[in-house]
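Trainee: I would like to learn how to read the contact between two chains. Where do we begin?

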Amino acid sequence: MEDISRRQFIIKSAVAGAALASFSAFPDITSAAASDTELAVVKNGTAAAMVRKAVEELGDMARFVKKGQKVLLKPNIGWDRLPEQAANTNPEAVAEVVKMCLEVGASRVRVLDRTCNQPQRCYTRSGIEKAAKEAGAEVRHIIESRFQTVQIPNGQIVKSWPFYKDVLESDVFINMPIAKDHSISRITLGFKNIMGVLGGDRGDLHNKFMTKIVDVNMAIKPSLTIIDAYRILLKNGPSGGNLADVAETKTIIAGTDRVAADAYAATLFDVDAKDIEYLKIAADRGLGVMDLAKVKMKEISLSA
Amino acid sequence: MRTARRISQIIFLLLFLFLFLYARYPFGGQHPVDLFLQASPLTAIATMIASRAFISEMVLALVILALTIPLGRFFCGWICPLGTVIDGSDRLIRRKKRKPKTRESLRFRSWKFAILAAVLVAAIFSLQLVWFFDPIALLTRTMTTVLYPAFVYLANGLFAAALSIGLIEDQAYAAFDFAQRTFLPIAQPKFFEGVIIFTIFAGILALGMVGRRFWCRNLCPLGALLGIFSKFRLTKRYVSEACTDCSLCQSGCRMNAIEDDYTVNNTVECIECGECLSVCKPHTVSYKFGKNEGKNEIDLSRRRLIQASLAGLAGLAVVKTAAVSRNKTGLAIRPPGSIPESEFLDRCIRCQECVRICASTGACLQPSLLESGLEGVWTPIAVPRIGYCEYNCNLCGKVCPTNAIQDLPLERKQKLRMGMAYFDKSRCIPWYRQEDCLVCEEHCPLPDKAIKFDVREARGPDGTIRVVKFPYVVESLCTGCGICETKCPVVGPAGIFVTAAKEERVEAAS
């Protein structure tokens with residue numbers, strides 16, 4: 001609990017600082033860092049170029065990562081699948097985020113996920129371990145003894161859950177899911193990706209899922225959510241395996257509002273955010289804005 | 001000679017350990033991890049007899065057997081890793097400087113021949129028993145199910161302690177990461193049969209208190225087999241006239257192979273260790289090539305041979321007729337690529353190599369107890385509540401020394417059915433509580449998932465009508481990998497379970 005408060009304090013201070021800066025009270029802040037864009041959607045580029053552009057549109061990585069800060073980047077590495085099978089986050093996109101964090105002076109970028117298949121298999125076949133390491137990240141496997149129970153006083157059903165210590169101790173938490181079909185949440189995006197830093201028996205969260213997934217998300221706020229929709233998995237998710245179920249949508253969504261980011265990604269599946277129950281619950285609890293019309297959004301296509 | 005022997009023993013023990021540790025994910029196949037298992041002449045002969053097949057991978061064992069004729073039991077003295085372990089353990093548990101006044105008892109020496117006879121007779125009638133006694137299989141099995149898991153437990157504990165110290169956390173993680181890539185598994189292996197297997201192993205070491213190399217002298221049927229072949233060896237222990245009759249060579253002989261006339265040694269029992277050369281103070285003992293005129297009787301009377309053969313037959317009949325059903329329980333889910341059951345039981349030497357490599361990835365395999373009948377004790381079975389067969393893995397077939405599990409291409413293995421999943425509707429959350437769950441479906445690795453949903457309205461326990469996704473198994477798609485059962489969040493028996501029903505076996509490639 002103590003850790004969470006401190007983390008949130010730091011995040012809130014950073015956000016407040018950024019907000020203050022946007023009033024241009026501090027002329028020495030670069031103009032990019034003063035952006036108040038909440039959601040940036042970039043299409044039709046390479047995964048790396050789109051990620052870079054999207055974060056730049058939000059006001060560059062410097063808006064989120066200050067010099068010397070510890071970054072925890074959480075992609076989806078859950079499955080023993082190849083990048084083209086679209087079950088894990090795109091490795092090039094992950095590597096680009098690592099680079100951007102290091103460019104603005106992050107003291108370290110740690111990349112991890114609690115996988116569903118054997119961890120070494122997932123880290124290897126996803127291509128993420130290699131790509132992220134080459135970009136300068138610390139790629140780590142989950143150690144079961146490093147989960148700490150976090151109280152969730154406002155949780156409706158889930159009142160406490162073990163979270164991974166590295167996440168709780170990070171200064172900046174970046175959530176980086178891939179957009180996939182999922183039979184219970186309908187689509188698995190940022191909210192569901194948080195499962196990868198949870199300990200305990202995560203299977204328990206799968207009934208009354210819509211409420212429980214919002215509950216656990218109340219304990220942790222990503223500074224930045226980047227949704228990889230370079231390839232999306234339309235069927236047989238979240239593990240996939242059939243290339244016929246993969247669509248190359250060439251889109252990257254980056255946002256400070258995690259509800260809005262998930263809501264936008266849903267449109268790629270021709271699903272209205274209002275039909276995704278957990279987003280409604282999350283919006284009702286004030287975790288973000290579901291109505292994209294009310295979000296400061298930029299949409300950019302790289303191939304002009 | 002003693003130093004050379006010790007170096008050889010240590011090198012082969014280290015090679016054994018290296019190959020053991022190498023049998024893990026990601027298995028590149030650069031090193032033959034089943035080398036020692038395939039080098040055991042006893043395993044080779046008994047398995048080939050029992051399965052009525054020539055197993056070309058085991059030809060090395062025949063070479064060793066052939067070399068035994070001129071060279072004697074060099075395998076026992078210089079190579080056998082269990083022998084080395086027993087030598088080490090004997091040093092630890094036996095009091096030093098104890099000078100036996102009289103020669104140790106020869107009473108149990110014939111047992112190993114009796115065991116060999118019983119094992120071979122059983123093999124002729126297609127009952128594989130060699131797995132219990134073969135020293136290589138025995139040591140590999142003990143390593144897999146007991147020693148290695150215990151080592152991992154302690155090593156992980158040390159790393160956990162180091163990782164909890166903030167200051168050295170990064171260095172500790174780097175070391176831990178290296179360990180996990182080389183010799184530590186990603187998850188603690190645990191086995192049902194560990195305690196039984198450990199008790200047997202501990203018993204073998206403890207027999208060292210009765211006599212040195214008690215196992216090798218009196219019980220090991222591989223030693224017996226090599227002893228028979230070394231009867232005519234061409235190495236000669238020569239004792240010169242200067243012998244002072246001090247008896248040091250006799251009391252120093254770990255195999256008790258030197259007769260009361262110290263110039264005579266029993267070539268069937270001698271393991272060429274060279275200890276007698278080293279203990280002889282006046283250096284009267286030497287080693288030469290030449291026809292050995294030593295005592296070379298096989299300590300097995302015709303009566304004993306008949307008794308042992310009958311015991312083998314009786315054991316065979318008892319095991320084959322034990323009223324433990326092989327198939328009806330459906331619990332004997334075999335590794336993918338297993339050959340048909342009766343051949344499988346003939347070939348499998350229970351070395352647990354497959355179990356060992358599986359523990360480094362999906363961890364579904366366990367040595368069975370009675371799930372596949374009395375004849376199938378310690379054969380590998382998948383226990384899906386504990387682990388599952390990784391969709392992208394075919395390693396068990398790559399390390400099986402006898403090809404009881406065939407080495408299948410990954411694409412073929414991915415489609416091969418080990419068994420079939422069934423829902424237990426009294427335990428599955430959507431079925432008994434009318435609440436959505438999906439964990440089984442989410443994890444199903446098949447490109448076209450074998451678990452699908454029947455979405456319809458149902459009345460919940462609270463009386464409300466709601467839409468529920470009721471899962472069901474599509475039999476034509478399910479391969480019985482068991483990840484659904486492993487990941488099922490129901491506490492206790494899962495809401496979905498796999499049995500061996502509809503399993504597909506692979507014919508042995510000859």
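Trainee: What area is buried between chain A and chain B?

Mentor: The size of an interface is often given as the accessible area lost when the parts come together. In this predicted model, about 3,100 Å² is buried between chain A and chain B, and carbon and sulfur atoms give 43% of that area. On the side of chain A, A:Gln120, A:Arg121 and A:Ser183 lose the most area to chain B, together 19% of what that side buries.

Trainee: How many residues does each chain bring to the contact?

Mentor: Chain A brings 38 residues and chain B brings 41 residues.

Trainee: How many polar contacts and salt bridges cross the interface?

Mentor: The rule finds 27 residue pairs in polar contact between chain A and chain B, with both residues at pLDDT 80 or more. It also finds 8 salt bridges across this interface. Over all chains, the count of salt bridges comes to 45.

Trainee: Which helices of chain A supply at least two residues each to the side that touches chain B?

Mentor: They are α4 (119–125) and α5 (128–134) of chain A. Helix α4(A) gives the most to that side, with 5 residues. By class, the side of chain A that touches chain B has 7 nonpolar, 17 polar and 14 charged residues.

Trainee: Which residue of chain B forms a salt bridge with A:Arg140?

Mentor: The partner is B:Asp170, and the closest N and O atoms of the pair are 3.1 Å apart. A second example is A:Arg146 with B:Glu169, whose side chains meet in a salt bridge at 3.6 Å, N to O. A:Arg146 lies in the loop between β4 (138–139) and β5 (147–151) of chain A, and B:Glu169 lies in helix α10 (residues 169–182) of chain B, so the pair joins two chains.

Trainee: Are A:Arg146 and B:Glu169 buried or exposed?

Mentor: Both A:Arg146 and B:Glu169 are buried.

Trainee: Which residues are linked with them in a network of salt bridges?

Mentor: The network links A:Arg110, A:Glu138, A:Arg140, A:Arg146, A:Asp166, B:Glu169 and B:Asp170. A:Arg140 and B:Asp170, the pair at 3.1 Å, belong to this network.

Trainee: Now for salt bridges within chain B. Which residue meets B:Glu435 in a salt bridge?

Mentor: B:Arg433 does, at 3.1 Å, N to O. To judge burial, compare the relative accessible area with the cut-off: buried means under 20%. B:Glu435 is at 12% relative accessibility, so this residue counts as buried. B:Arg433 is at 25%, so that residue counts as partly exposed.

Trainee: How does the salt bridge of B:Arg456 and B:Asp454 read?

Mentor: The closest N and O atoms of B:Arg456 and B:Asp454 are 2.9 Å apart. B:Arg456 is partly exposed at 36% relative accessibility, and B:Asp454 is partly exposed with a relative accessible area of 32%.

Trainee: Where is B:Asp346 placed, and is it buried or exposed?

Mentor: B:Asp346 is in helix α17 (residues 341–347) of chain B. Its relative accessible area is 7%, so B:Asp346 is buried.

Trainee: Which residues does B:Asp346 touch?

Mentor: Not counting residues up to four places away in sequence, B:Asp346 touches B:Thr47, B:Ala50, B:Ser51, B:Ser126 and B:Gln128. With B:Ser126, the side chain of B:Asp346 makes a polar contact of 2.9 Å. B:Ile386 is 40 residues from B:Asp346 along the chain, and the C-alpha atoms of the two are separated by 27 Å.

Conventions:
Residues numbered from 1 in each chain as written. Chains lettered and ligands numbered in written order. Predicted model: local features only at pLDDT ≥ 70, side-chain atom pairs only at ≥ 80, totals over all residues. Heavy atoms only, no water. Contact = heavy atoms within 4.5 Å. Buried area = accessible area lost by both parts, 1.4 Å probe. Salt bridge = Lys/Arg side-chain N within 4 Å of Asp/Glu carboxyl O. Polar contact = N/O pair within 3.5 Å; in protein donor to acceptor, adjacent residues only side chain to side chain. Helix = DSSP H or I, 4+ residues; strand = E, 2+ residues; numbered from the N terminus. Nonpolar A, V, L, I, M, F, W, Y, C, P; charged D, E, K, R; others polar. Buried < 20%, exposed > 50% of the residue type's maximum accessible area, 1.4 Å probe, protein only.
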